[in-house]
Every structure is written in C-alpha cells, then in structure tokens.
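Trainee: I have just opened this one and would like to walk through it with you. Could you take me through it piece by piece?

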Amino acid sequence: MEKIVHTDAIAIPSEYPLPRPSFEHEWISYETTAPEELVERVKDATIIVTNKSKLTAEVLAQCPKLKFIAELATGYNNIDIDYCKEHGIGVANIQGYSTDSVAEHAITMMLMLSRSMIKTRKKMEDGLWVNANCFCQLPYPIVDLKGRTLTICGSGSIGSRIGEIAKAFGMNVIKAEHRNASAVRPGYTAFAEAIAQADFLTVNCPLNADTENLITAKEIATMKKSVIIINNARGGVVNEQDLVKAVLNGDIAGAAADVASVEPLTSDHPYVQLQKNDNFLLTPHQAWMSHDCLIALVKQFGENLEAFHKGESLRRIV
C-alpha cells in the first residue's frame, strides 16, 4: 500500500479536489507545511504530492521509502532533481495546462499599462467624467500595441503563445537568445540587442543558474525609457529591487509581475513600495489559475499517479 502525503493542499482551491488513485493507498493531506515540519511529515511517505514544498537533498535523504514525487505545477525548481535521479525517485509534473491562461494574463497586463487603465480608473472614481465639460477625456496617454516591439525572454510554450497573440495585435515579436549564448539560433535575436529594441519585454523562462538575475539594473540601463517589463516566470529571474528603482526613477515606463522571490509577499519586499504606483501591476501568482487550467491540472495529476503505479512514464522529469 502506498502512503501518499500532500504537503500543501492550500495551493489548489478546494473547488477542484484532487482525485484519489485507484490503487490501494493511505492519503494524508496538510493545508500547509512549514519547512521545519516537512521531514517529520514526509519521512515515511512512498509518494509526495506538492506544489511548492522544498524537497532538497537533505529532506529527501530522510525519506527512505520514497518512490515518486507528484509536482502540482510545471516548474519543479523546488525539487532536487539530481538527487532523485541518483536515488531512483520518480518525478512527474503538470505540463502545458496553463499556456493560454498565463499568455492571456501577460497580454492583459500589457494592455492595462499601455492604455493607462489603472490611472484612468482612479480618475473616474474621483469624478473625472461626471464633472467633465466635454464628452471625451484623456487624462493619460494611450499607447497602442500595434507596431510596437515585444521581446520575449523564454520562448517555450507560454512565450510562444504570447508571441502568437501579440502578432494578432500587429506587434513586432522578437525572441531573445539566451544570455551569454555562444551563437544565435535561427529566428532568435542576440540577448542584448533584443532587450534594447523592446517596447514591451515579457519574461517567461524557468528559474535556474543561467536565468537568475536575468534582468538587473545593468540590462535596464540599455533599454528604452518607454519599455514596460512583464515578469510572469519566477521572482528571481528579474532583480526586484532594481526593477522597483527603475519604476520609481522613471527609467522605464512601467512593470507588472505575477510572481515574487518570496511568496506570499512579505511586508518588507521591494514590491510593497509600488503597491499604489499607477505604473506597476502586481497579481498574487494567479496567472495559472483559470477555471480551465485547474480542471486540466487535476486531471493530469490523476493520470500521473496512475501511470506511476502501472510503471509507465507519463510527464516524467525523472
């Protein structure tokens, strides 16, 4: 019988319950698990189900019965994959389920900032139109997407989908090559050149040693002052302190993010300084949580568990 421990059930809304597997099992679920509680809770598990619990080598070394980790997300940087490979622990994630939702989220952020929606909404609440002496009002500039250049850092499924939607708006889409790449692939533009051309820059790459601090003050200094930066990847890909300074100093036109280096956001996080800033839009890591996405996630999770039990390889990382 498998012992399944779900460490952070709170990450998936209760309206979308995870299916229980058909095979014999014991299921233990925790709403949240603090780092200091993790080992005690998972040490006897044969299967761990998690979204963000940090399954480091130190933690995994204390789980001698562990056979399989079901990651309830596409990103798996919370798991020590090398340790799993060395010790025969299977890992499967959720794949391709949030492509459209995250892409639409990024485009929405671009539109809200480029069309001054946040600023205008506040003006409307203050009686802009009610007290106007003209039928139309333009309290702030509006910038069309058509004809503007969108640079995509991370052209996987999500980045590519953003590019498709952007082209429908008539945008010029550039795919940035990896930073410090020795060669530029066909269809890509050298990283430095790509970010310098951007009117909008969207970051959609995984967080790893190569992408950490991909965008810092150094890179921002080479960009247009009219650029808008969107980060829906991972917090650490963009240096958050540098981004905040750039917005406050007017070095860029605006920024948006659905992620942060520390989640939930702490009261001393740099982004707190921008919470009321009209040129900054922050959402609480929700781009992946559309109704359709959550249904697909739950379905894939059930399939991944059943495939593991049957000895089949489905969406396997390891």
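Trainee: Let's begin with H10: which strands does helix H10 lie across?

Mentor: Helix H10, residues 291–309, lies across strand S1 (2–6), S2, strand S3 (47–50), S4 and S5, and runs at about 165° to S4. Contact here means heavy atoms within 4.5 Å, and the angle, on a scale from 0 to 180 degrees, is taken between the N-to-C directions of lines fitted to C-alpha atoms, for helices over the stretch in contact. Helices (H or I, at least four residues) and strands (E, at least two) are DSSP runs numbered from the N terminus.

Trainee: Before I go further, what kind of model is this?

Mentor: This is a predicted model, in which local features need pLDDT of at least 70 and side-chain atom pairs count only at pLDDT 80 or more, while totals for chains, interfaces and linings use all residues. Residues are numbered from 1 along each chain as its sequence is written, and side-chain values use heavy atoms, with hydrogens and water left out.

Trainee: Okay, back to those strands. What is the order in the sheet of 5 strands?

Mentor: The order is S2-S1-S3-S4-S5, in an open sheet with parallel pairing, where two strands pair if DSSP finds at least two bridges between them. Strand S2 (25–29) and strand S5 (90–92) are at the edges and have a single partner strand each, so one side of each lacks a neighbour in the sheet. On average, neighbouring strands of this sheet are turned by 15° against each other, with direction ignored.

Trainee: How many bridges are there between S4 and S5?

Mentor: Strand S4, residues 68–71, pairs with S5 in the parallel sense over 3 bridges, and Phe-68 stands opposite Gly-90 in S5.

Trainee: What about the loops around there, say Thr-33: buried or exposed?

Mentor: Thr-33, in the loop between S2 and helix H1 (35–42), counts as buried because its relative accessibility is 17%; buried means under 20% relative accessible area, exposed over 50%, and partly exposed in between, with a 1.4 Å probe and protein chains only.

Trainee: And what does the side chain of Thr-33 make a polar contact with?

Mentor: The side chain of Thr-33 makes a polar contact with the side chain of Arg-41, at 3.0 Å, and a polar atom of the Thr-33 side chain lies 2.7 Å from the backbone oxygen of Thr-7. A polar contact is a pair of N or O atoms within 3.5 Å; within protein, one must be able to donate a hydrogen and the other to accept it, and residues adjacent in sequence count only if both atoms are side-chain atoms.

Trainee: Where is Ser-53 found, then?

Mentor: Ser-53 is found in the loop between S3 and helix H2 (57–60), and with a relative accessible area of 8% it is buried. Not counting residues up to four places away in sequence, Ser-53 touches Thr-7, Asp-8, Leu-38 and Asn-78.

Trainee: Changing topic, what is the order in the sheet of 6 strands?

Mentor: That open sheet has the order S7-S6-S8-S9-S10-S11, with parallel pairing. Its edge strands are strand S7 (172–175) and strand S11 (280–282), each pairing on one side only, and the twist averages 15° from one strand to the next.

Trainee: Which residues of S9 are buried on its two faces?

Mentor: Ile-228 and Ile-230 are buried on one side of S9, and Ile-229 and Asn-231 on the other, so that both faces are covered. S9 pairs with S8 in the parallel sense over 4 bridges, and 4 bridges also join S9 to S10, again running parallel. In these pairings Ile-230 is the bridge partner of Thr-202, while Ile-228 stands opposite Gly-254 in S10.

Trainee: Which helix lies across S9?

Mentor: Helix H4, residues 99–114, lies across S6, S8, strand S9 (228–231), strand S10 (254–257) and S11, running at about 150° to S9.

Trainee: Last topic, how many disulfides are there?

Mentor: The count comes to 0 disulfides, a disulfide being a pair of cysteine sulfur atoms within 2.5 Å. For Cys-136, the nearest cysteine sulfur is that of Cys-134, 3.9 Å away, and for Cys-153 it is that of Cys-205, 6.5 Å away.
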